[in-house]
Amino acid sequence: MGAINSIWTTGNFPPEWHLATVIPIAKPGKDLTDPTSYRFIALTSCLCKIMERMKNTRFVWYLEKLKLITPVQSGFRNQRSTTDQLVRLETFVREAFVNKQHTVAIFFDLEKAYDTTWKYGIMKDLFDAGLCGILILIPILIEKFFKDRQFQVRLGTHFVYSV
């Protein structure tokens, strides 16, 4: 555990943690010649995943403690799921029906939301949220973690692409 504490305080990640092996998994019934017909699974270091879990747990705890996350958000939170939002919607519909009112709902899906997120804006928001103590390192750790990332694509037993 000493090594993880050292990484936590210094932000110096082992070089192996910057490498991911990506394995494409075909979506059922899709055109196998179309790259969008695949889900990509990234295999990374198990210790790296433990560190990510530790950071995320501590970070979400902090955001919840300071009420920086709305109580109705279910995504990326423990003990919450899509079902919570479906039950919430059903409750709104039932209440409107009983009160002879209308319910309006708008649903949208942000395609490739993570890929198109302005990461420096998120980092600024994290600092503006008043992170303190060791938690102030979380945005720095995130930035260092994603810097100099490398990946290789494996098809079967062969590596076909590396960046």
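Colleagues, the model is predicted, so local features need pLDDT of at least 70, side-chain atom pairs count only at pLDDT 80 or more, and totals for chains, interfaces and linings use all residues. Residues are numbered from 1 along each chain as its sequence is written, and side-chain values use heavy atoms, with hydrogens and water left out.

I begin with confidence. The pLDDT is the predictor's confidence in each residue, from 0 to 100. Its mean over the protein chain is 82, and 94% of the residues reach 70 or more. Helices (H or I, at least four residues) and strands (E, at least two) are DSSP runs, numbered from the N terminus. Where pLDDT is low, the predicted coordinates should not be read in detail.

Next, the sheet. Four strands form an open, mixed sheet in the order β2-β1-β3-β4. Strands β2 (38-43) and β4 (158-162) stand at the edges with a single partner each, so one side of each has no neighbour in the sheet. Two strands count as paired if DSSP finds at least two bridges between them. Strands β1 (residues 19-26) and β3 (residues 150-155) run parallel and are joined by four bridges; A20 stands opposite F151 in β3.

I turn now to helix α2. This helix, residues 46-65, has 20 residues and reaches 29 Å from its first C-alpha to its last, close to the 28 Å expected at 1.5 Å a residue; the expected span is 1.5 Å times one less than the number of residues. Which residues of α2 are buried? They are C48, M51, K55, F59, V60, Y62 and L63. These residues lie on the same side of α2, because they cover an arc of only 155° around the axis; the arc is that of the directions from the helix axis to the C-beta atoms. The face turned away from this buried side carries the exposed residues C46, R53 and K65. Buried means under 20% relative accessible area, exposed over 50%, and partly exposed in between (1.4 Å probe, protein chains only).

Finally, backbone angles. Most residues other than glycine have a negative phi. Just after α2, K67 takes a positive phi of about 55°. Q79, in the loop between α2 and α3, has a positive phi of about 60° and is exposed, with a relative accessible area of 79%.
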